[in-house]
Amino acid sequence: MPVSPRGSLGRRRFLTASAGAAAAATLSGCAASVDSGNGSGGGGKTITVMTVGEEWDAKTKKSLEKTLGVTIRVITYDVTKLNALLSAKTPPDMVRGVGATDTPYFAARGLMTDLDPYFAKSELLRPSDIAPANDVWRYDGNKQGVGPRYGLARDYSQDCMFWYRADMFEEAGLELPSETEPLSMDEWLDLGKRLTARRLGKVKVYGLSANGMGVMSQLMWMTASAGGSLFADAAATVDFSSPEARRALQWYMDYAKADIGPSLVNPNPDGWDGPTYQAGRMAMSCSGFWFGSVIAGDAKLSEVSRFALAPQLGSHRVSPIFSGTGFWIPKDAKNKEEAWKLFELHFGGGPARERAAAGWGMPPLDSLRSKMPQKTAMQKQAYAAQMKESPYFTVLPVSPYAQMDALNGILSKVLPDAIKSDTSVGKVADALNSRMNEQLARGKELVR
């Protein structure tokens with residue numbers, strides 16, 4: 001589930017992204033790939049796929065090539081390179097992308113192939129079998145979540161759910177979170193404070209990691225739960241000044257001030273939650289179903305780990321996904337038919353069944369759920385929690401005028417100093433509105 005910076009794109013003119021683009025990295029901690037320009041020789045046409053190195057191992061790649069009668073050329077995902085290829089109308093035949101954030105951005109610029117005609121004829125990828133979470137890959141020109149389907153998630157998680165250490169709750173004399181009713185955000189914050197352990201004034205054990213897939217995503221989710229929306233004017237602007245958005249912003253500022261977990265003020269030295277949770281230095285992690293595979297390799301850790309429903313800031317229960325990493329086919333791809341056949345096998349054939357059995361997220365097809373691991377008590381409990389949460393999935397549309405990376409970058413510049421100086425939430429909201437709306441306005445001009 002990569003998150004990569006992207007430059008601004010025009011409908012007729014595709015601008016090269018600014019320097020600093022990096023190869024995408026998966027949340028499993030895998031290293032970035034290197035180009036593998038020479039396929040193993042499946043014959044026929046060569047399908048160029050821009051992705052990360054661990055997408056297919058050598059055996060799987062060879063099998064796909066043999067089945068399809070093609071050669072698969074893998075090139076490392078790089079946003080600058082992707083933008084240049086799209087601009088020159090010589091794009092890869094398939095591109096790895098983040099459905100929740102990429103779809104409006106690329107579809108609004110006419111760069112993605114409408115896959116509905118392909119799905120309609122497919123025996124492997126029947127529309128009725130596609131999990132609702134894949135609606136993040138849909139965009140009708142104005143709204144995300146409806147309209148043509150432009151891609152599919154290789155797997156997904158409802159990213160505002162959280163994992164917790166039952167042993168740490170018991171040591172602190174706290175009741176375990178309910179398996180049927182979500183916590184309120186205030187209850188969650190209070191638990192985080194109670195579970196935090198300090199030594200000589202420094203945090204020894206984080207009580208709560210609430211950053212999830214990025215602070216902007218978390219603020220969108222909390223604002224929606226409170227009954228509002230961060231985006232306004234058909235996603236052309238943000239409004240942090242609304243009562244719902246201010247409430248969400250205040251919650252995050254309170255969390256960061258409390259110093260009970262990683263934040264924009266004090267980032268996690270480990271870089272992400274996995275190593276910290278595994279080492280017994282984190283009681284709760286706001287991570288989706290996929291995180292269970294990080295835990296599953298340690299029997300003792302699995303025994304004390306539980307999966308919980310997404311907390312809510314208000315009475316509007318929402319449980320979104322903020323990644324939905326998968327593939328899309330560029331509109332100017334030269335080998336669309338062959339790319340679609342690979343797309344079909346990747347999402348509905350052997351590779352999809354193997355991914356479902358590995359447990360790195362929920363599968364894109366409902367029919368593949370039976371393949372998911374449920375051998376241990378932890379896996380069974382996590383699956384049951386996920387099934388209870390599924391009905392509350394909601395697409396939270398993002399703006400087509402700026403990438404989430406750019407908006408998160410503004411939060412990273414504004415919030416740390418504001419939190420340290422105890423700036424009022426109203427002034428912080430004004431600063432965010434000014435900077436983000438300027439960014440969105442520039443992007444809107446390029447889409448016209």
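Visitor: How much space lies in the second largest cavity, and what makes it a cavity?

Guide: This is a predicted model, in which local features need pLDDT of at least 70, side-chain atom pairs count only at pLDDT 80 or more, and totals for chains, interfaces and linings use all residues. Residues are numbered from 1 along each chain as its sequence is written, and side-chain values use heavy atoms, without hydrogens and water. The second largest cavity holds about 50 Å³. It is called a cavity because, on a 1 Å grid over the protein atoms alone, a 1.4 Å probe fits at its points but cannot get out. The volume is the space filled by probe spheres set on the points, which are joined across faces, edges and corners. Three cavities of 30 Å³ or more are counted.

Visitor: How many residues of its lining are nonpolar, polar and charged?

Guide: Eight are nonpolar, two polar and none charged. Lining residues have an atom within 4 Å of a point; among them are V136, Q144 and F322. Val and Phe count as nonpolar.

Visitor: Why are β1 and β3 called paired?

Guide: Two strands pair if DSSP finds at least two bridges between them. Strands β1 (residues 46–51) and β3 (residues 94–98) have two bridges, in the parallel sense, and therefore meet that rule. V49 stands opposite M94 in β3.

Visitor: Which strands does helix α2 lie across?

Guide: Helix α2 (residues 79–87) lies across β1, β2, β3 and β14. Its direction is at about 135 degrees to β1, on a scale from 0 to 180 degrees between N-to-C directions of axes fitted to C-alpha atoms, for helices over the stretch in contact; contact means heavy atoms within 4.5 Å. Helices (H or I, at least four residues) and strands (E, at least two) are DSSP runs.

Notes. 1 Å grid on protein atoms, 1.4 Å probe; cavity = no way out; pocket = protein on both sides within 12 Å on 5 of 7 lines; lining within 4 Å.
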